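Let us walk through this structure step by step. We will begin at the surface, then go inside.

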Amino acid sequence: MSRRRLFGSLCGLVFFLNLARIVFAPLLDVFIAEFGIGEATAGLIVTLAWVGSASLRLPAGWLLTKVPRHYLVIISGTILALSAAGAGAAVTVRQLMIGAFFMGTASGVYFVSANPLLSELFPDRVGRVMGIHGAANQVAAVAAAPLVAVSLWVDWRFALWAIAVGTAVVTVATVIVARGTEMPAAGENDRSLLAGARSEWRIILAALGLAGVAVFVWQGVFNFYELYMQSRGLSPNEASTMLTIVFAAGVPAFFIAGELADDLPSVPLLLGIVASFAGCLLFVVAFDGLVALAISSALIGFVIHALFPATDAYILTALPDSARGSAYAVFSSAWMLSQSGGSSVVGELIERGFAYGTVFTAAALVLIVTVIVLGGLERAGRLPA
């Protein structure tokens, strides 16, 4: 029962941690108007949040070899509460960028420590736990646009201050619950970050190959999704609704993909998800009209969010107890760094005059080529199962 209560508090904490990363996407047009910046600079703000999420994952992985995992979970909540409050008080673009970066670092510290902890708290159904935890994470993505819309009635800064207050409350609750929970001893022999990464480099590279390009593309797509929908003739409110549909479709995707990850071969499942994501991206570009765009938005949201619990279940179940925390930290850091530049690249291409449809179509074709190459490696037995 105590482990379930801790799981509940972690689901609450991950809600705010993901909200801190997603909240910048619906604020891009606000930043452009408020600070007088272009799409490339606005995209850089989002990129900094995701670079921040990648930056402390390796140091956090090293700390996991020294301190219990739940200590770092609590530290991550403290970082987010302080940095969100600072970002909400920003009066210059530089200050906002700094706040976004440190809000991102909190999520990096959290996921490196919490995901291995959860897989060890509930080792029999890692996929299911990752799915439920991911669904809580995804509810934040659904809530981001409505939170910003409500905040704009008064001041966009209230969205960031709400994150700061909510995170502080949930972090305190996590401290209280963790004190009464017997923690698993599975990671006691994981004492070297480099040794863990070196011994498990094959599974790390395989997971990066299977999911890295897809999440890079996804970063560029969802952070400019509202602006893209407006370029298709939708009103700002309709465009915001489309982004909400994308994220809402991800909530059941986490549950379903988590269950499938426990029961199906991991590599074919991941390849199927990436191929489906490419196809859905082409559908978004090809379809026209409010209803058609809503359907394609739901499809792309469901498919891409299925990738995350499937990837986590793949690598966490493959890693041994003696290297799970350290090797997962290396994977997580590289995975996050690989996707962090997606929004900057898309913003730069759009600012140079390329149409959204052209950029998204090219990205889908790259994904298809990636699936073909990795599928050939899978058939040749070159990818670890």
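**From the surface to the cavities**

On the surface, Ile132, Phe255, Ile256, Leu260, Leu264 and Phe302 form a nonpolar patch. Together they have about 460 Å² of accessible area. Keep in mind that this is a predicted model. Which helix gives the most to the nonpolar patch? H12 does, with three residues.

Take Phe255, one of the patch residues. Phe255 lies in helix H12. Buried means under 20%, and exposed means over 50%.

Compare a residue in a loop. Asn189 lies between helix H8 (157-179) and helix H9 (193-199). Asn189 has a relative accessible area of 65%, so this residue is exposed. Now look for Ala323. In sequence, Asn189 and Ala323 are 134 residues apart. In space, their C-alpha atoms are 7.9 Å apart.

Now go inside. How many cavities of 30 Å³ or more does the structure hold? It holds two.

Start with the largest cavity. Its volume is about 400 Å³. The lining of this cavity is made of 26 residues. Find its centre, and you will see which of them are closest: Arg21, Phe111, Asn137, Phe254 and Phe308. Which elements give two or more residues to this lining? They are helix H1 (2-22), helix H6 (93-121), helix H7 (126-151), helix H10 (201-223), helix H12 (236-263), helix H14 (290-318) and helix H15 (324-340). Sort the lining of the largest cavity by class, and you get 13 nonpolar, ten polar and three charged residues.

Move on to the second largest cavity. Its volume is about 40 Å³. The residues that line it are Ala25, Pro26, Leu28, Asp29, Asn223, Glu226 and Leu227. Two helices, H2 (28-35) and H11 (225-231), each supply at least two residues of this lining. What classes make up the lining of the second largest cavity? Four residues are nonpolar, one is polar and two are charged.

Inside, the structure holds two cavities of 30 Å³ or more.

Terms used
Residues are numbered from 1 along each chain as its sequence is written. This is a predicted model: local features need pLDDT of at least 70, side-chain atom pairs count only at pLDDT 80 or more; totals for chains, interfaces and linings use all residues. Side-chain values use heavy atoms; hydrogens and water are left out. On a 1 Å grid over the protein atoms alone, a cavity is a set of points where a 1.4 Å probe fits but cannot get out, and a pocket is an open set with protein on both sides within 12 Å along at least five of seven lines; lining residues have an atom within 4 Å of a point. Grid points are joined across faces, edges and corners, and a volume is the space filled by probe spheres set on the points. Helices (H or I, at least four residues) and strands (E, at least two) are DSSP runs, numbered from the N terminus. Ala, Val, Leu, Ile, Met, Phe, Trp, Tyr, Cys and Pro count as nonpolar, Asp, Glu, Lys and Arg as charged, and the others, Gly among them, as polar. Patches are made of residues with over 30% relative accessible area and no salt bridge: like charges are joined within 9 Å, nonpolar side chains (Val, Leu, Ile, Met, Phe, Trp, Tyr) within 5 Å. Accessible areas come from the Shrake-Rupley method with a 1.4 Å probe; for residues, only the protein chains shown count as cover. A salt bridge is a side-chain nitrogen of Lys or Arg within 4 Å of a carboxyl oxygen of Asp or Glu. Buried means under 20% relative accessible area, exposed over 50%, partly exposed in between (1.4 Å probe, protein chains only).
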